[in-house]
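Me: I've got a structure open and want to talk it through with you. Can we start with the terms?

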Protein chains: 2
Amino acid sequence: MVTVALDAMGGDHGVVATAHGVAQLSREDVDVHVFLVGDLAQLGPALDGVAYDPTKITLVHAEGSVAMSDDPREALDRLPRCSILTAAKLVRDGDAKALVSAGHTGATILASARCFERLPGIRRSALAAVYPTEAKHGPRGDPFALMLDVGATLIASEDDLVGFALMGSAYSSVISEIASPRVALLSNGSEPNKGTPAIIEAHRRLKAGPLLFAGNVEGLDIPRGTVDVVVCDGFLGNVVLKMLEGFGEVMNDVARQAAARSLQWRLGLSMLGGGIRELKRMTDWNSYGGAPLLGFDQVVIKAHGRSEARAIRNAVKVAAKAVRGDLIGRIRNGLDQWPNGGLS
Amino acid sequence: MVTVALDAMGGDHGVVATAHGVAQLSREDVDVHVFLVGDLAQLGPALDGVAYDPTKITLVHAEGSVAMSDDPREALDRLPRCSILTAAKLVRDGDAKALVSAGHTGATILASARCFERLPGIRRSALAAVYPTEAKHGPRGDPFALMLDVGATLIASEDDLVGFALMGSAYSSVISEIASPRVALLSNGSEPNKGTPAIIEAHRRLKAGPLLFAGNVEGLDIPRGTVDVVVCDGFLGNVVLKMLEGFGEVMNDVARQAAARSLQWRLGLSMLGGGIRELKRMTDWNSYGGAPLLGFDQVVIKAHGRSEARAIRNAVKVAAKAVRGDLIGRIRNGLDQWPNGGLS
């Protein structure tokens, strides 16, 4: 049985999405226990009339929560018993093995920094995102790859990039079950001398290191999914990730408007069933459980703010899988085996 | 009559694409004269049997050309009479008013730096790319926006970003005929304090400056086309531009594979005629004339390496339009009216 602490207050769809997602998961044949952390006055009603297995859910009261418009530092200082801090403390104290939140990203990172230890050798954390690709990955044929950082560390040094590569490889190995994930740096050309000074130096070290390093990849390779793990700084990763979302939305817009215009289009779209589903799959964020926050000594999964019940369920499942696969142990091993990330 | 010097040797499709593109343009009712610069032994045969107006094309011999695999500096030193340098000198000496090339980007930039003057106040040049968007732009309803830099200046300072904004605004104004183009910085959030230090400082100055500054845009806004001109450093712009290309290719792949699999799909696709055309338009690089290289006292258009005849024709037309609209004069005016880009 894996126990997961979920900030029930976070996310655009609030307690209804989190409570329903956990209720759904509790009815499935999975060995996961969830601490649903939030305002009991809201959590109770959210679960009213919903079928769930009460042996797999424990409600934990918290006072207040961080709003999307809050400054995270100020909010955590003001609300010491808020949902994200209460959930993180359950993990810190060993009552739960993983933290999941669909709330404020900055508050999730800061709560983790306050409650957990940073892994030795890792100076800055990375938020990794799973994103849809044309190519399939690993033995399970996962239709997605991993990118990090996508927003925790705006400007990454060569040390940070090497650390991200190590952590991303371990995560991909645990979640997509790829023995040796192909890892690459995102740059403006495939040659080793392309990119910023930090990228060029990280390239040199990764090439000499123990990971399956595929060199640099370019923008073209992102939708293609040429590699399993794409490494970049948080600024670039954030722009890239939001662009991927934007593409999905634009494609949906174009198809919807065209379908509204004509019967012929609606017929055409229905005939395209499988292919449209394939394109939709490539842009459906609810399928992907969430983004791991890597760099701490505990498993943390940040679900998308827009997560609905299904996405919350998937995020909790991913967190449990990361615990079962000993994600943190694997990252520690990687760091031990390659001290200082090749920095001699 | 506008005269344009075209490096006839550059691009993946070589002299056939450049010669045919120019031949096609010469038969149209446009007042453009082209110096077709390259190896006469190849240019002659390429024009054999092709209908063109000989009063609008002058062949100019050049010795050698820069290969895509060449180091541009070494190649230009080794080949002082090569096609790109010969074409650039025609512009420098006043025989032509604009330079167009589909060849080596680095060589085009370097040849421009050697033959032209940098505009006062501009320290580094920018390659701007026109890219397809969902939203239409300007009075002509152009289905594309402008992004710069996409590869000339890898790391841009705040001064560079402000200069790019000015030049991009002038170009958009001339080519898309938008009186006051909306200009934005690409960042990891819309708030003024989001981004790298260079972006934050450029934001502050642009906000106080004479351009129609829309603040920061995010990755989502790129395919949407929220603004007319997107400003970023060359590293980010390069990754973003190649991602846009990658998306087009992946979409084509998915549709083609599905069509090959089933008759129903082929039928469905044919029923979707207009919408598919819309999606195709959004990813058809041949429609867009090419990328202006901004920062010099002459008009320079870099056509995509993959340009076929139609794209070459469009690139020459865009160059002529930039000359007629006095692009360089407009950029000079902008620089004069806002000395030092707001740096006091």
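Reply: Two strands pair if DSSP finds at least two bridges between them. Helices (H or I, at least four residues) and strands (E, at least two) are DSSP runs, numbered from the N terminus. This is a predicted model, where local features need pLDDT of at least 70 and side-chain atom pairs count only at pLDDT 80 or more, while totals for chains, interfaces and linings use all residues. Residues are numbered from 1 along each chain as its sequence is written, with chains lettered from A and ligands numbered from 1 in the order in which they are written.

Me: OK, chain B. Which residue of strand 8 is the bridge partner of Val183(B)?
Reply: Phe213(B). Further along, Leu186(B) has Val217(B) as its bridge partner in strand 8 of chain B. Strand 7 (residues 182–186) and strand 8 of chain B run parallel and are joined by four bridges.

Me: How does the chain cross from strand 7 to strand 8 of chain B?
Reply: Through helix 7 (residues 197–208) of chain B, in a right-handed β-α-β crossover. Right-handed here is clockwise from the first strand over the helix to the second, with the strands pointing away from the viewer.

Me: And which way does strand 7 of chain B pair with strand 9, parallel or antiparallel?
Reply: Parallel, over three bridges, with strand 9 of chain B covering residues 229–231. There Val183(B) stands opposite Val229(B).

Me: How many residues of strand 7 of chain B are buried?
Reply: Five of the five, so the strand is largely enclosed by the rest of the structure. Buried means 20 or more other C-beta atoms within 10 Å of the residue's own (exposed is 12 or fewer, partly exposed in between, with C-beta atoms placed from the backbone). Arg182(B), Ala184(B) and Leu186(B) sit on one side, Val183(B) and Leu185(B) on the other, and both faces are covered.

Me: Zooming out, what's the strand order in the chain B sheet?
Reply: The sheet is open, with 11 strands in the order 3-2-1-4-11-10-5-6-9-7-8 and mixed pairing. Strand 3 (57–61) and strand 8 (212–217) of chain B are at the edges with a single partner strand each, so one side of each has no neighbour in the sheet. On average, neighbouring strands are turned by 30° against each other, direction ignored.

Me: Which strands does helix 4 of chain B lie across?
Reply: Helix 4 (residues 83–92) lies across strand 1 (2–7), strand 2 (32–38), strand 3 and strand 4 (98–101) of chain B, at about 165° to strand 1. Angles run from 0 to 180 degrees between N-to-C directions, using lines fitted to C-alpha atoms, for helices over the stretch in contact.

Me: Switching to chain A: what span should helix 6 have?
Reply: Helix 6 (residues 158–175) of chain A has 18 residues and should span 26 Å, which agrees with the 26 Å between its end C-alpha atoms. The expected span is 1.5 Å times one less than the number of residues. Helix 6 of chain A is mostly covered, 18 of 18 residues being buried. Glu177(A), with a positive phi near 60°, follows the helix.

Me: And Ala107(A), buried or exposed?
Reply: Buried, because 28 other C-beta atoms lie within 10 Å. Ala107(A) is in helix 5 (residues 105–115) of chain A.

Me: What does Ala107(A) touch?
Reply: Leaving out residues up to four places away in sequence, Val66(A), Pro72(A), Ala75(A), Leu76(A) and Ile84(A). Contact means C-beta atoms, placed from the backbone, within 7 Å.

Terms used
Contact = placed C-beta atoms within 7 Å.
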